[in-house]
Protein chains: 2
Amino acid sequence: MPITRFSSSRTGYLWFVSNIPTVAELGENESLRRTVSRLNGSDFALVGSGDDAAVIKAQDGKFVVTTDTMIEDHDFRLIWSTGFDLGWKAVATNVSDVAAMGARPTSLVVAIAVPGSTPITFLEDFADGLKAACEQLAPGCGVVGGDLAASEKVFISVTAHGDLEGREPILRSGAKPGDVLAVAGTLGRAAAGLALLFSGDADAISAYDALVGVQKRPEPPIAAGIGLNATSMLDLSDGLAKDAARIAKASSVKLVIRSQDLQGFEAMIDDAAMRLGVSSSDWVIGGGEDHSLLATFAPDVEVPRAFKPIGYVAEGSGVYLDESPLGEVGWDSITG
Amino acid sequence: MPITRFSSSRTGYLWFVSNIPTVAELGENESLRRTVSRLNGSDFALVGSGDDAAVIKAQDGKFVVTTDTMIEDHDFRLIWSTGFDLGWKAVATNVSDVAAMGARPTSLVVAIAVPGSTPITFLEDFADGLKAACEQLAPGCGVVGGDLAASEKVFISVTAHGDLEGREPILRSGAKPGDVLAVAGTLGRAAAGLALLFSGDADAISAYDALVGVQKRPEPPIAAGIGLNATSMLDLSDGLAKDAARIAKASSVKLVIRSQDLQGFEAMIDDAAMRLGVSSSDWVIGGGEDHSLLATFAPDVEVPRAFKPIGYVAEGSGVYLDESPLGEVGWDSITG
């Protein structure tokens, strides 16, 4: 029971659309019905959405849970991202954290708040993005519950669950000196895409649409994380330097990244970096939101093909690029 | 990695406070550290907060999950509610949904977004409210993860988990003709509290502070729901009429409420209703947010003392007050 009846004079950026009913016109129940009807279920749901709560299988007697939030004008802009993009990204960023524990994503609950003036097609598009990302990134996983509310800005909060299938979770604290440091997925591409969007250079955005796509619809290597035989792992959301420092601190070790092993990542974004007059290595080292997996492997373990070695674990503390300590370059979700 | 660096000129209602650092001044990491350090853990957490995800025990091989959102100026106002109140209510409304499945609340993840200008004491107070509500309403349950972000308005999203301890969940769909309809907890008191706050009548608010307290810090009868031997149950969040209609629809039955059995609930709020010149029965039948439990019991089952019988289940459809069909009086979280 909200304390105010909804009224809004907001006109959305992209929403000069006639004949499409708004969320306020349809009301909560009908808006939810139209949205939820487009979703896939979860293969792990014993009771799906529609009751006070859902009931999810957790056959090994435990479950993994993580949550992440996306806020309009802080984490995305509606001039850049469609409802589909936002649904996709909300799934990708959360199932990536589940996979970073070595777990298989099983279920999501999704809360979204939108202005009442939002056309229902935005929510339907959002649902399509949720579904497509589940099907492509985490087959079997689906939305099992949620909440729809009114707000001035679009606000999305997702909680994701995973199944360790009898295994122990892969924490940040297990790296040991002598381990190999390796990454699965892209580095710096999401940051390049964001810089392109900020540049406002329509030609550049069009020329490098694959980079912009990584920013808007990241494709984290979920399958590479599930059941991985690693000593530590995390999801690269705030950038290589900052996230590597989290493993170094949690494991009480030093991580050494070899700059020559980053050259392949830099080469992928060199053209775009030159176009914008910036350094591709800054994007590779400091850029966030690739949602790649950074892991350490015991020396006697064969590093899986999805992972590219980029360094090693040593005695000590902090993160080094070759011989030089790396500051914690990266993003703070409050201060930027 | 948010797309904008935080800057805000907002001055909060209650925040003309000097010398207290703001969230923007402290940054995400330190703000989180100060907040999280005040929380209790969960007795069910195998891995608590601090990694990509938490790991929670689910000993019977399944878990219950539900989510709910609270948005400033839609679901609460900062002139009325403290950080403590909001933390308390965020827990109460979510664990109530878990209990409505017959499950024991085990763990919560909490996302909160606040303006950067928010004093850190607001978040600390919020954490104290989360902890106090867990300890009083759902002992053993605690916060196992979360997210802190920047936004113009305060936004709170909680996901709660529960353990069925080997039992089947209690759904909305199990009511049978002949069952007894009963409620545990208050009816109409939260609506009375809200009306008092809206009245702006300081004397009335003070005179009926217990009613205002139910609105700000509801105390749903969690223990009464866990392991209940009921045929159906739900959490009364949108009001007796609207929520009863959900059981009637899901179970394909008719629910008959006896008006004389509501008189005790009305008597509790008659004085406040007269003061505001409204009908106490409207609050009892249509008022939301009491987060009481509405359940149906097979005729051969003794109704537990926490539940007061208010009617019965019959063949048919819809909800009746004595002989008269009740419209779906209540709240829509989008249209009010």
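**Strand pairing across the two chains**

In β3(B), B:V64 is the bridge partner of A:V55. The model described here is predicted.

**The contact between chains A and B**

- Strand β2 of chain A, residues 54–57, pairs with β3(B) in the antiparallel sense, over four bridges.
- The contact draws 75 residues from chain A and 75 residues from chain B.
- On the side of chain B that touches chain A, the most is given by strand β3 (residues 62–71) of chain B, which supplies nine residues.
- By class, the residues on this side of chain B comprise 35 nonpolar, 21 polar and 19 charged.
- The copies meet through the same surface, because 100% of the interface residues of chain B are also interface residues in chain A.

**Symmetry**

- Two copies of a chain are related by a rotation about an axis and a shift along it.
- Here, chain B is superposed on chain A by a rotation of 180° with 0.0 Å of shift along the axis, and the RMSD is 0.0 Å.
- This is the relation of a two-fold axis.
- Among the residues of chain B, B:G61 comes closest to the rotation axis, with its C-alpha at 2.4 Å.

**A helix pair in chain B**

- Helix α4 (residues 189–199) of chain B packs with helix α6 (residues 209–216) of chain B at an angle of about 105°, and their axes are 7 Å apart.
- α4(B) and α6(B) are therefore roughly perpendicular to each other, since angles of 65 to 115 degrees count as such.
- The residues of α4(B) that meet α6(B) include B:R189, B:A190, B:G193 and B:L197.
- On the other helix, α6(B), the residues in this contact include B:L211, B:V212, B:V214 and B:Q215.
- The contact of α4(B) with α6(B) has eight nonpolar residues, three polar residues and one charged residue.

**Overall form of chain A**

- Chain A contains ten helices and 13 strands.
- The radius of gyration of chain A is 21 Å, close to the 20 Å that the globule rule gives for 336 residues, so chain A is as compact as a globular protein of that length.
- Along the principal axes, the C-alpha atoms of chain A fill a box of roughly 60 × 50 × 30 Å.

Conventions. Residues numbered from 1 in each chain as written. Chains lettered and ligands numbered in written order. Predicted model: local features only at pLDDT ≥ 70, side-chain atom pairs only at ≥ 80, totals over all residues. Contact = placed C-beta atoms within 7 Å. Nonpolar A, V, L, I, M, F, W, Y, C, P; charged D, E, K, R; others polar. Pairing = 2+ DSSP bridges. Least-squares fit on C-alpha atoms with pLDDT ≥ 70 in both. Axes fitted to C-alpha atoms, helices over the stretch in contact; angles between N-to-C directions. Parallel < 35°, antiparallel > 145°, perpendicular 65-115°, else oblique. Rg over C-alpha atoms; globule rule 2.2 N^0.38 Å.
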